[in-house]
Amino acid sequence: MSTVLAGYGLVKKYGSTTALAGVDVEVGERDSLAIMGPSGSGKSTLLHTLAGIIRPDGGQVLLRGERLDNLSENRLSALRRKRFGFVFQFGQLLPELPAEENVALPLMLEGVPSRQAVERARRWFAPLGLEGLEQRRPGQLSGGQAQRVAIARALVIEPDVVFADEPTGALDQRTSTEVVQLLTFATRDTGAALVMVTHDADVAAHCDRILQVRDGRISGHSQFTVA
Amino acid sequence: MRSPVLPLTWHLARSSGRRGLQSQLLAAGAAAVGSFLMLVMIAAALGAGTRADHTTWRTPDAVPAKEATAVQATTTTYVRHEPVTVVNLAQLPGRKQTPAPPGLSGFPKQGQVYVSPALAELLHELPADQLANRFPTVKSYGTIAVAGLASPDELVAVVGRASDDAAVAKTAGEQNYYDEGLTERAPISGFSGSKESVFTGIDQGTVLLGVVLLVMPVVVLASAAGRLGAARREQRLAALRLAGATPRQILAMTAVEAAGVGAAGALAGALAYTALLPALAELPYGVGAWYTGQLWVGLAWLAAVVLAVTALITVSAVTMLRQVAKAPLGVAQQAHPRRTRVIRLLLFVAVLLYIWATTGDSGQLKTRQLLALLALFYGAFWLLGPWVVDRLGRIVGRRAKRPATLLAARRLSDDPRAAWRTVSGLVLAGFVAGFFSVSTLGSEGPRHEGQVAVITANASDARHTATEARALLHKAGVTATVAVTSEDEYDSLPGGVPGVTAQVSGDEEHVDTAITALTPLGSGRYPITQEYVSAPDDTATARVATVSTATLVLSFLVAAASAGLTAAANVLDRRRTYGLLRLAGTPLQVLDRARVRETVIPLAVLAGGTTAMGVFGAMQLNKAAGTTINTSGAIQLVLCLAVGGLAMLGAIAGSRPLLRRVTAGPVQTAD
């Protein structure tokens with residue numbers, strides 16, 4: 001398994017609070033990694049640091065061997081747009097756009113003509129069980145459907161890594177399972193890596209590996225499958 | 001038990017932090033602007049009426065000859081293209097003493113001349129052969145006080161005459177078609193009358209036109225102010241609802257907070273209006289600047305406006321929060337777009353047809369009917385506007401190539417009413433200003449600039465008068481071509497009336513000298529000029545043009561404030577979505593451009609379209625009347641549109657730092 005994303009010796013401090021205290025992590029192609037830990041353990045900081053949203057105070061973040069932590073804000077922003085996909089807990093869809101245009105948005109931002117972008121976006125609806133919902137707006141979708149649209153949007157650019165921050169946090173147990181299954185399968189299908197923060201052990205169990213974070217350090221590492 | 005609403009609202013308002021305070025200040029600011037503008041509009045409308053009332057004494061109601069104590073002949077002469085109203089008064093011998101006219105200490109005796117302060121200044125500035133020699137020679141002029149004047153800039157003279165003076169003789173009151181409202185004679189016993197001067201009579205009507213056009217944009221501004229803190233209140237009150245607050249308590253808290261902020265702002269606006277009264281009075285309109293008292297609306301109006309603005313903001317805020325009160329989990333996303341139906345277009349067409357059929361009738365419409373039709377048209381326009389915005393959004397959305405344009409288009413068809421509200425004021429104001437700024441309706445017909453005419457009783461008098469005119473003009477040093485006009489000669493200043501015309505070579509000073517020199521030939525009537533002949537039309541056109549341009553400027557100001565507030569409110573409403581999009585790499589410029597286009601697209605298409613329609617209509621009329629475009633008006637319009645457009649963009653750009661700030665960091669707390 002070749003390493004797609006890696007963080008070495010990651011340190012992040014907020015004033016006197018240390019959110020990350022020298023974390024090392026590697027994620028390979030088709031690999032799925034769940035980050036777990038109690039509130040304030042630093043799991044979201046780790047995800048944001050790996051995604052280039054937060055700059056670490058120490059250590060390095062590498063995407064296919066290229067350092068991210070010293071890139072300019074503009075280049076980081078472009079990189080997140082082109083090579084990463086994001087799924088958040090809720091609220092990432094624009095309410096005025098129908099589902100298919102929400103999915104097509106990242107392509108349009110890359111200059112793909114709108115008609116073509118929407119065509120490409122539509123291809124994701126059937127595999128994710130969203131057929132017939134293309135014209136619905138986020139307000140007309142259930143929580144699970146909205147998260148599946150968000151997954152489609154994250155995958156439509158065929159990213160290297162998908163970052164998911166509590167993607168099932170606002171869903172019931174049954175829907176959570178459906179969504180996380182789709183997220184892991186679809187991500188793997190595209191060849192992307194998945195890094196997911198969750199507090200739910202059942203959700204984490206769908207990933208290949210689980211990283212336990214406590215007080216900004218890796219406190220445990222479980223591996224369910226070998227890629 | 002004591003209601004917890006007030007103390008809790010106060011506590012929450014105080015602890016709402018910097019962002020809460022910012023939105024409260026912005027809302028209060030918008031309320032202040034709203035109440036200020038409303039008060040200024042009411043002041044201008046009431047003040048214009050008061051001004052007109054101050055001119056009625058110059059044309060008092062005639063009484064039967066037996067009851068008359070005096071004769072009054074009012075006429076108009078021009079100096080430096082400005083009208084001077086001259087009121088000639090003669091006490092009839094053997095009759096009861098006539099009371100003093102308003103603004104004068106007593107009824108003027110023969111040979112006495114009273115002048116307004118502005119005319120006194122002009123008499124002092126200009127050589128006697130350009131103005132003073134038109135009046136009887138006196139050692140000193142009396143002063144007409146405020147009670148007799150409509151404006152401190154008004155040029156008025158009251159001249160005491162002998163009862164057999166030509167200036168008050170029957171011939172002085174003989175009217176030709178162009179004398180209407182400018183020259184009148186009547187036997188009188190006092191100064192009560194209802195006929196307003198031609199220079200002020202139209203003022204209130206035109207101001208009301210502006211008021212009609214501005215009322216809705218101001219209401220929209222106040223509503224936008226009510227919306228401003230909505231997102232913050234929604235979050236806070238959704239939490240309260242979960243904590244067990246009843247819908248009634250939530251609405252009461254919202255109402256109390258919005259009313260507090262609105263009332264504070266509205267009061268500030270009212271205070272600003274009161275403090276700025278002297279400065280507002282300096283703004284010229286029609287016959288000139290105002291007396292401060294004319295613009296004071298009184299405490300009743302002041303209180304009514306403060307209450308109205310407060311009520312508007314409160315209603316707007318409460319309406320926005322109804323969903324929170326109903327849904328314990330807070331405001332759900334708007335599930336369905338607020339689409340508009342084609343019935344709006346059909347109703348608009350039906351109203352247009354009705355108006356066309358009504359106004360097409362042969363009978364004249366009464367003012368009340370006209371106002372009703374205007375209100376109907378305005379209502380129909382408001383009905384049609386959102387439908388047009390909706391269609392526009394769909395068309396632009398289908399053709400959008402860039403994500404920013406697509407986002408803007410989808411927002412337009414998502415809530416077309418909101419987009420319409422922001423630009424609606426400019427749509428109608430643009431049409432009116434576009435029409436009246438370039439039209440030269442008042443100049444229609446032949447113009448005889450530089451010509452001075454003396455009206456005579458008949459053709460033979462005219463020949464004799466021409467000889468005298470040549471001599472007088474020569475003596476005054478004026479070079480002019482003097483000609484006799486006959487009854488068949490319509491292409492002349494008197495237009496089919498016997499008289500003498502002098503085509504003066506030189507500038508306005510020479511024209512004024514010619515008028516003064518020829519005054520003795522008029523048998524009590526002043527020589528006339530182009531301004532005199534076209535005064536009613538020119539005055540009406542000038543007033544409407546002034547009001548429409550002022551309305552456009554104010555509409556832009558109000559629309560810019562509304563657009564700025566709405567843009568800020570939208571950023572706050574969507575800060576989570578914007579923040580997450582930015583985290584995912586969406587460039588800030590895309591989000592920003594979408595916000596700008598959301599206002600610019602309907603502004604350019606609707607307001608730009610109606611302004612262009614207005615200009616086109618005026619140009620067609622100009623063409624039909626054989627006149628050309630009003631260049632200075634057109635330049636004014638272009639400047640106004642350019643500055644107004646920039647102000648709108650600036651107002652939207654004002655919330656860019658807010659957008660940057662709310663999307664800057666990770667949305668969720670990094671744990």
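**Exercises on a predicted two-chain model**

Helix α2 of chain A, residues 73–83, has A:S77, A:R80, A:R81 and A:R83 as its buried residues. The model is predicted, so let's explore it step by step.

**Exercise 1.** Find what covers the buried residues of α2(A).

*Solution.* Start from the buried set, which includes A:S77 and A:R81. Next, recall that in an α-helix residues three or four places apart point the same way, because there are 3.6 residues a turn.

**Exercise 2.** Describe the side of chain B that touches chain A.

*Solution.* The largest share, 6 residues, belongs to α11(B). Third, sort the chain B side by class: 13 residues are nonpolar, 6 polar and 6 charged.

**Exercise 3.** Work out how domain 1 of chain B meets domain 3 of chain B.

*Solution.* Begin with the bounds: in chain B, domain 1 covers 1–54 + 207–334, and domain 3 covers 386–443 + 535–671. Now count: 23 residues of domain 1 are in contact with 23 residues of domain 3. On the domain 1 side, two or more residues come from each of α2 (17–53), α4 (203–228) and α5 (230–242) of chain B. The most, 14 residues, come from α4(B). Finish with the classes on that domain 1 side: 19 nonpolar, 2 polar and 2 charged residues.

Notes:
Residues are numbered from 1 along each chain as its sequence is written. Chains are lettered from A and ligands numbered from 1 in the order in which they are written. This is a predicted model: local features need pLDDT of at least 70, side-chain atom pairs count only at pLDDT 80 or more; totals for chains, interfaces and linings use all residues. Two residues are in contact if their C-beta atoms, placed from the backbone, lie within 7 Å. Helices (H or I, at least four residues) and strands (E, at least two) are DSSP runs, numbered from the N terminus. Ala, Val, Leu, Ile, Met, Phe, Trp, Tyr, Cys and Pro count as nonpolar, Asp, Glu, Lys and Arg as charged, and the others, Gly among them, as polar. Domain bounds come from an automatic or database domain assignment. A residue is buried if 20 or more other C-beta atoms lie within 10 Å of its own, exposed if 12 or fewer, and partly exposed in between; C-beta atoms are placed from the backbone.
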